[in-house]
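These are my notebook entries on one structure.

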Amino acid sequence: MQVIIRPTAEEASWLVARMIGKCLKAKPDLVLGLATGQTMERLYSMMVKLHLSDGLDFSLCRTFNLDEYVGLPADSPYSYRHYMKTHLFDHVNLDPRNTHLPDGNAPDLSAECVRYEETIKRSGGIDLQLLGLGKVGHIGFNEPLSALYSRTREKALTPATIAENSRMFKDPADMPRRAITMGVGTILESREMIMLVNGTAKADILAKAVEGPITSMITASAIQLHPDCVVVTDEEAASKLQAREYYHWVFENEPEWAEYRGK
Ligand code: F6R
């Protein structure tokens, strides 16, 4: 794992947008795993900017989102499908047929989870998975005690996650209690992963996920098992990391990061 610390959330997000852009240019039919949440909003606006001003081409790209709420009305403005359309899909040249999210209204949710896994497999597997970090330490909606080998499945959300995400709902009582999420095992099968984390509120959990023991109580700690994972964070979220100086040194000195310095 590598940890890249940028001075601000803006700069951290810009670095991730450029990393994704580079991958997409190298492999136009990239299979891109996507996340939702507040952290991703700035990143998606930058990806849109790269499309509009630099011509970044999404026409062959295939996307798979990590998760979707169970049981929201099909036209709900709170669904992750709606979020993705608003922040990314409607503003770049992605073919809607190439954008995939689990169907939280499927009549048979277990069958839907199996179908989702098979669709990922048929597309050749995820090349690059984008991750956020929840305050409970989740990736996707892999709440505490999610098995590190878990696959896509329906998951009950913790009270902490419900409290956190229900703030987005006009009536917090409408927030679903369950979601379909890729499993930790599914996520770890992606060829490359980038986790983007910003803000002081994430400092404690980021330190546990990155430098603490691997535990299913903090499913984000499973990223330590992945052979090609980069965590990109702002100074605020990085403030509790013990090896900060080392991470800075690597970014400033390793040739791999030269093209991202000073911008
Ligand atoms: C949602 C997802 C979640 C979020 C996490 C952070 O698709 O994958 O794990 O990334 O809850 O959300 P924010 O950015 O809103 O703090």
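G21 belongs to helix α1, residues 9–26. Helices here are DSSP runs of H or I with at least four residues, strands are runs of E with at least two, and both are numbered from the N terminus.

From K22 to L56 the C-alpha distance is 9.3 Å, and the two are 34 residues apart in sequence.

I note that the model is predicted, so local features need pLDDT of at least 70 and side-chain atom pairs count only at pLDDT 80 or more, while totals for chains, interfaces and linings use all residues. Residues are numbered from 1 along each chain as its sequence is written, and side-chain values use heavy atoms, with hydrogens and water left out.

I looked up S123 in the loop that joins α4 (109–122) to β6 (128–131). S123 is buried, with 17% relative accessible area. Its side chain reaches the backbone oxygen of I120 at 2.7 Å. I count a polar contact as a pair of N or O atoms within 3.5 Å; within protein, one must be able to donate a hydrogen and the other to accept it, and residues adjacent in sequence count only if both atoms are side-chain atoms.

S150 sits in the loop between β6 and β7. S150 is buried at 8% relative accessibility. The backbone oxygen of A147 is 2.6 Å from the side chain of S150.

I found L145 in the loop between β6 and β7 (153–156). Its phi is positive, about 75°, although L145 is not a glycine. Most residues other than glycine have a negative phi. L145 is exposed, with a relative accessible area of 60%.

E154 is in strand β7, and at 29% relative accessibility I class E154 as partly exposed. E154 and Y80 are 74 residues apart in sequence, and their C-alpha atoms are 15 Å apart.

A258 lies in the segment after α9 (244–253). A258 is partly exposed, with a relative accessible area of 39%. I computed 42 Å from A258 to V114, C-alpha to C-alpha, for a sequence separation of 144 residues.

Which residues are closest to the ligand? I counted 13 residues around the ligand, and the closest are T36, T39, D67, H138 and K202. A residue is taken as near if one of its heavy atoms lies within 4 Å of the molecule. By class, the shell has three nonpolar, eight polar and two charged residues. Here Ala, Val, Leu, Ile, Met, Phe, Trp, Tyr, Cys and Pro count as nonpolar, Asp, Glu, Lys and Arg as charged, and the others, Gly among them, as polar.

I listed the polar pairs next. An N or O atom in the side chain of T39 is 2.4 Å from a ligand oxygen. A polar backbone atom of Q38 is 2.8 Å from an oxygen atom of the ligand. For K202, a polar side-chain atom lies 2.8 Å from a ligand oxygen. The protein covers 91% of the 410 Å² of accessible area that the ligand has on its own, by the Shrake-Rupley method with a 1.4 Å probe.

Terms used:
Buried means under 20% relative accessible area, exposed over 50%, partly exposed in between (1.4 Å probe, protein chains only).
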